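Let's take a walk through a protein together. Have a look at the fold below, and then we'll go through it strand by strand.

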Amino acid sequence: MTERTAVVRPLDRPGDLGWVVQAHGEFYDREFGWDTDFEALVCRIVADYADGKEPGPQAAWIAEVDGRRAGCVFCVRADDRTAKLRLLLVDPAARGLGVGARLIGECLDFAREAGYEAITLWTNDVLGSARRLYQRHGFELTAEDPHHSFGHDLTGQTWQRRL
């Protein structure tokens, strides 16, 4: 069996933005039955990032495994002192290679270097693998809020950590 190679690079190639939207839409439908409202939300986040409308430093990364896109994460401004981690995704076929940890690491390093003092993220309680990664990287749960989104009753969670 050949060893699989994972690399993390800046999100800067044609097709990267579209892949993020498509991969999120397909994965969350397949894994959780979420409807296209979620894909529309991802599309708005990606479009805002691409337009650069938010002030402050921002960056995004793509993980590739054996030359194919297999994950992503975005780091954007929440406010003058706080960054926001968004759109973390790791293709199930790439799990176990440390891709998620590397993407979060890139995001944290960027946020520190950009001068942010803290970083926050919003997720849902059903995303157990992602939540465990966040905890391993020092994030702490700061709020929970039940909501009906993407065709389901969910519990949204806000996580935060100091940088």
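How many residues lie between β3 and β4 in their hairpin? There are four residues between them. Before going on, note that this is a predicted model, where local features need pLDDT of at least 70, side-chain atom pairs count only at pLDDT 80 or more, and totals for chains, interfaces and linings use all residues. Residues are numbered from 1 along each chain as its sequence is written, and side-chain values use heavy atoms, leaving out hydrogens and water.

Strands here are DSSP runs of E with at least two residues, helices are runs of H or I with at least four, and both are numbered from the N terminus. Strand β3 (residues 68–77) pairs with β4 in the antiparallel sense over six bridges; strands pair if DSSP finds at least two bridges between them.

Now turn to β5 (residues 118–124), which runs parallel to β4 and is joined to it by three bridges. Here Lys84 stands opposite Thr120 in β5. Seven of the nine residues of β4 are buried (under 20% relative accessible area, with a 1.4 Å probe and protein chains only), so β4 is largely enclosed by the rest of the structure.

Finally, follow the chain through β4, α3 and β5: they make a right-handed β-α-β unit. Right-handed means that, with the strands pointing away from you, the path from the first strand over the helix to the second runs clockwise.

Conventions: Buried means under 20% relative accessible area, exposed over 50%, partly exposed in between (1.4 Å probe, protein chains only).
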